[in-house]
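Please keep the sequence and the 3D view open while reading.

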Amino acid sequence: MGIQTRGLCLEQWQQRLTLCRRRTPRCWLVSHNFWGFLKILHLFLDECNPILFQPICMEHPLESEAVTFQASETQNNLQRILDSCSKFAEVGDVTEAENSILELVTFLGSLLDAALSEPDNEHAENTAFEALSTIHRYICSPSIGQEVVDALSFELPKAVSKFASISSRFLDMAVSIIDQFITKCNPRDMLSILCNTLVCSSKMTKAGSYIVPPLSGLSKVFVLIKRHHFKQVKEAVPIILNELKAVSLESDDAELEDVFDKAVEVANSIYKVCITLEGVANEKLRALLGLYVLQCLALVSASLSYEASGCHSLVLQLSQISSYCGLSYLSLLTTYDVESVAGSIFGGKDDNYMLCLSHVKHGAALSVIWGHVSDEVARTAKEDLIAIKDELCNNQTKRWQAIGTLKHVLSFVNLPWELKTHTINYLLRITEGVSGNYEDEHSEWSSYMPTLFSALQAVKIVIICAPDSELRKKSFVVLKGVLADIPISERFDILKALITNTDSSSMIAIFIDLVRREMHTELRSSTSTGRNVPQIDSKTYPDISFWTPSVLELVELVLRPPQGGPPSLPEQSDAVLSALNLYRFVLMTESTENTNRTGVLSRSSLLKAYNEWLLPLRTLVTGIVAENKNDYDELAVDTLCTLNPLELVLYRCIELVEEKLKQST
């Protein structure tokens, strides 16, 4: 039963007042009966709990959803705790005030637990929402002292943000409560408080929803700070980015759209501060904003569904801010140095700061790829993609730099395959039909080789893992295009490194086959004229040939692995077959040409191949075939089919070696 008022319960009074409002004509209000109506209303107000009618003066729009409080134990406890907070804060009793605030936080925690433990319990949810509504009205009250607001501001932002995961109305109420603190408290104090609130997200089960209210608050605080803008923003940005990175790996799309909406609001807020500054302060803050935008772009691309309209909208907004920061597509692909920019902002290489910028390089590459994907994004960024493509095609150094930047998209596991597909398509455009310019110094080549090697490694991963054959084919074309762009003197070492650092038998086979094709191309270019094959001055670059003893080292890597013993079959059958084909090709070509550039025809080399590579492999293959020839299950049949071509090439190699050994005696 609700509050009793002159024989009628509260619910009955509410029903009568509502009925009066609906049925009473406007003219009745000006009649003498109007005064009787006021007397009834006056008696009602006198005998009811006054807190019920506070919304008449300061009701938040969301509070219309709340059911009017009953005189319950929950309400009484909340009011008692708030009164206690006020009393002790006003008299300056810090210890007791802190105890009261701790009691308030604990009390709110119990309401939160009740609402979360029973998601279908509407009463528990409404009780929790009414409590937040009461706190909002309490903070809004003009009679509340500043010392009380300041005391509550230290803990309540964390406490109310925890409710954001229940529903959108709780999220909006938490944002509104934090907004009141921002209005009434010192902005610099609130900046520190909200950053501290963010850091606590690691303890929350729904961290994505939890960080939305403090992010929203930070976007409003930045523009209220009057002095030392760069210093304040510099301290906050790493905290924001670390929390965004943490939640983006754990939350679902629905939560993350709200999170990144607020993250973009933060970027817009920093932008508004930037345009009010001049000189060095503006330059530093713009540079920091650029890092923030690129990191956010990478996280948005990796966390939200590629098809989601919200994802494209966020990318569009971030691209616009990126353009303001002076981050052109060409500079992002070629000369943008994250470490250098971060060092100028944070002062030296600080691992703590660099940790929060771990995906800025990915963001730099994705900025260009999103422009390639969407004409609207490219227009917003004010970029001419055709001119950039032409520049990269005509300048080998910039092309190598761009390849080194774009590799970050291909190697980023969390990115959707759609973006990796667009990256492969872009790489096709800038590597298709290019011919290497080898006029630069040899030392200049070497400095780019580690970057190109890691880019080829990233393309290799796409070839292995891509979900559709068309993407795998395109990636293989890119692989060959990048290899063709590498000077011949470096190309063999790159291929050898790829073989050494690959576990996939099929990929090792592909790389060995590329070595054989290079040798075949070189052979054709040396025996024929008029072909469109680049000719390089052997006096200037003496070590350009693939026809060296090093090629036999590749064969040995596969046929006699460094860990000892013959290769594992049938697991390594693709790589073994390719290595045998390469050995046979070299042996037959050197015999036909009557040359021995690789040393394959020397007696010591023939004996090594025969005794250490071929005979142990024959023993292994013969044993596996014998074990499976009488079995007719699927595995045995597959094994025999796999080993059959390998066995044929193996015996042909043995015959050739035996023949050469006889000739050498």
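Where is the place of His 228? His 228 is in the loop between helix H12 (212-221) and helix H13 (229-248). Helices here are DSSP runs of H or I with at least four residues, numbered from the N terminus.

The model is predicted, so local features need pLDDT of at least 70, side-chain atom pairs count only at pLDDT 80 or more, and totals for chains, interfaces and linings use all residues. Residues are numbered from 1 along each chain as its sequence is written, and side-chain values use heavy atoms, with hydrogens and water left out.

**Backbone**

Phi of His 228 is positive, near 50 degrees, and the residue is not a glycine. Asn 594 is not a glycine either, and its phi is about 55 degrees. Asn 594 lies in the loop between H30 and helix H31 (603-628).

| Residue | Relative accessible area | Class |
|---|---|---|
| His 228 | 45% | partly exposed |
| Asn 594 | 70% | exposed |
| Tyr 271 | 30% | partly exposed |
| Tyr 324 | 24% | partly exposed |

Which peptide bond is cis? The bond joining Leu 569 and Pro 570 is cis, with omega about 5 degrees. Pro 570 lies in the loop between helix H29 (550-559) and helix H30 (573-593).

**Aromatic rings**

Rings of Phe, Tyr and Trp (its six-membered ring) pair if their centres lie within 6.5 Å; planes under 30 degrees apart are stacked, over 60 edge-to-face, and the rest tilted. The count by this rule is eight aromatic pairs. One of them is Tyr 271 with Tyr 324, an edge-to-face pair with 4.8 Å centre to centre and 90 degrees between the planes. This pair links distant parts of the chain. Tyr 271 is in helix H14 (residues 253-274) and Tyr 324 is in helix H16 (residues 309-324), 53 residues apart. Elsewhere, ring pairs link Phe 129, Phe 163 and Phe 170 into a cluster.

**Charges over rings**

A charge sits over a ring if NZ of Lys or CZ of Arg is within 6 Å of the ring centre and within 35 degrees of the ring normal. The charged end of Lys 420 sits over the ring of Trp 417, 4.9 Å from the ring centre.

Definitions and conventions:
Helix = DSSP H or I, 4+ residues; strand = E, 2+ residues; numbered from the N terminus. Buried < 20%, exposed > 50% of the residue type's maximum accessible area, 1.4 Å probe, protein only.
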